[in-house]
Amino acid sequence: MNGLLYKDLLNLTPTLKYLVFMALIFCVVFIPLGNELPVYIILIMFGALLPTTAISFDTAARWDKYAVSLPVTRREIVVARYQLMVGGICVAGIISLIIAVAMMILMPGEGIFLPYFSPLMLMVLFVACGLLLGSIALPLTLKFGVEKMRYIIMVVALTPVVVIFGMSFFADLSGITPTDPVLMPVIIGVLLAVTALFVYVSFWLSVRIYAKKEF
């Protein structure tokens, strides 16, 4: 199974270099303006949609037809996709945490989310949004294929934006800050529980979809 993940990482190396370059451009353009939201959004999408990109390469090379002859189960192939997604999102979450801490130190009082979320809370929110996005995108990609998924992905990509702005709107409306020491553990707990449920259901669906596919 580690070999499957290593194969995807090798295939994605040129794409990852391009994505890093794009992320740096977004950082240079938007962070000095005190608006880091586009940076977080692009990082969320990059991490969550890595498996979709990997599947597009495999589809072009007809790798799945070869994979069914290998001594690996279809479930293990799906597990490798989810490992890639979780790993990419965690790396993006760490980068987001570094950005948030840097903004708090170098630009105190600025940043679109700093009045509401501590850097650690922001990273948890970011990772959860990425997992929600990836959990929606991956079974859809396996079911409908990469080409059809291109038309769906723009709608799916709104998931993290809706979640983030929804929490910010709730904070403004209620007058409660999520950084409150009593409220923050509750928010984190609920968010992680919902995210875990989404990932579990998504994985179960993906395994069933991939098991029925013919190559």
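Predicted model: local features only at pLDDT ≥ 70, side-chain atom pairs only at ≥ 80, totals over all residues.

Modeller: Residues are numbered from 1 along each chain as its sequence is written, and side-chain values use heavy atoms, with hydrogens and water left out.

Colleague: Is Ser-96 buried or exposed?

Modeller: Buried means under 20% relative accessible area, exposed over 50%, and partly exposed in between (1.4 Å probe, protein chains only). Ser-96 has 2% relative accessibility, so Ser-96 counts as buried.

Colleague: Which residues does Ser-96 touch, not counting those up to four places away in sequence?

Modeller: Contact means heavy atoms within 4.5 Å. Ser-96 touches Tyr-40, Leu-43 and Phe-126 on that count.

Colleague: How do H2 and H5 pack?

Modeller: Two packed helices are described by the angle between their axes and the distance between the axes. Axes are lines fitted to C-alpha atoms, for helices over the stretch in contact, and angles run from 0 to 180 degrees between N-to-C directions. For H2 and H5 the angle is about 160° and the axes are 7 Å apart. Angles under 35 degrees count as roughly parallel, over 145 as roughly antiparallel, 65 to 115 as roughly perpendicular and the rest as oblique. H2 and H5 are therefore roughly antiparallel to each other.

Colleague: Which residues in H2 and H5 meet?

Modeller: From H2 they include Tyr-40 and Leu-43, and from H5 they include Ser-96 and Ile-99. The residues of this contact of H2 with H5 divide into 10 nonpolar, three polar and no charged. Here Ala, Val, Leu, Ile, Met, Phe, Trp, Tyr, Cys and Pro count as nonpolar, Asp, Glu, Lys and Arg as charged, and the others, Gly among them, as polar.

Colleague: At what angle do H3 and H5 pack?

Modeller: Helix H3 (residues 50-61) and helix H5 (residues 74-106) pack at about 140°, with axes 8 Å apart. That makes H3 oblique to H5. Among the contact residues are Asp-58 of H3 and Arg-81 of H5. This contact of H3 with H5 has six nonpolar, one polar and two charged residues.

Colleague: How many disulfides are there?

Modeller: A disulfide is a covalent bond between the sulfur atoms of two cysteines. Counting pairs of cysteine sulfur atoms within 2.5 Å, the total is zero disulfides. Cys-90 is partly exposed at 37%, whereas Cys-129 is buried at 1%.

Definitions and conventions:
Helix = DSSP H or I, 4+ residues; strand = E, 2+ residues; numbered from the N terminus.
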